[in-house]
Amino acid sequence: MSTSEPLRLFFALPCPAPVAHAVAAWRDRLQLPGKAVAAENLHLTLVFLGAQPRSRLDELKAIAASIRGQAFELHLDRLGHWSAGLLHLFPSRPPEALLDLECSLRERLLQAGYELESRTFRPHLTLARHSSPPSGTVRPDFRWQAERFALYLSESDREGTRYRSLAHWPLCP
């Protein structure tokens, strides 16, 4: 990748490896069609930035470092399917600290001149793309303590897409 190419970036909550592997195993047992998201790529997006110049990385890191969010328990207890074929988990009651974190990030990014998507924040963890809704009632029950958020780089090649954490910041206990 050339040093002048923009980076595809987003802020997210990383899904801890033990939870990610449990989620992936649970999803795989549903045996639904579609393209499953790799366990190591599971996350909950806070703010999608899209293509950004490398020259703005330090500014993005400084904005994130200025956030003083609170740690919280994330409980993914609902399975959803959007019309575009996106199968996802989501919390029936998003924690207030999660909503505050997203709002703080969004406000600071907008103040710094970033153009962001205008759609309402709907916290979710994507399980698969190009999928079908599951038949019957499926009750997920996954929890983790969100203690940090990260800036991710999305990288694609012949083998697929990988998300790489470029930096992370703690949430206050």
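The reply below starts with the sheet and then turns to the helices.

Reply: This is a predicted model, in which local features need pLDDT of at least 70 and side-chain atom pairs count only at pLDDT 80 or more, while totals for chains, interfaces and linings use all residues. Residues are numbered from 1 along each chain as its sequence is written, and side-chain values use heavy atoms, with hydrogens and water left out.

The protein has three helices and ten strands; these are DSSP runs numbered from the N terminus, helices being H or I of at least four residues and strands E of at least two. Four strands form an open sheet in the order β3-β1-β9-β10, and their pairing is antiparallel. Two strands count as paired if DSSP finds at least two bridges between them. At the edges lie β3 (43–52) and β10 (160–170), each pairing on one side only. From one strand to the next, the twist averages 25°. Angles run from 0 to 180 degrees between N-to-C directions, with axes as lines fitted to C-alpha atoms, for helices over the stretch in contact.

Strand β1 (residues 7–14) runs antiparallel to β3 and is joined to β3 by eight bridges. In one of these pairings, phenylalanine 10 has phenylalanine 48 in β3 as its bridge partner.

Helix α2 (residues 57–65) packs on the sheet and touches β1, β3, β9 (148–157) and β10, where contact means heavy atoms within 4.5 Å. The direction of α2 makes about 50° with that of β10. Helix α3 (residues 96–111) lies across β1, β3 and β9, and runs at about 10° to β3.
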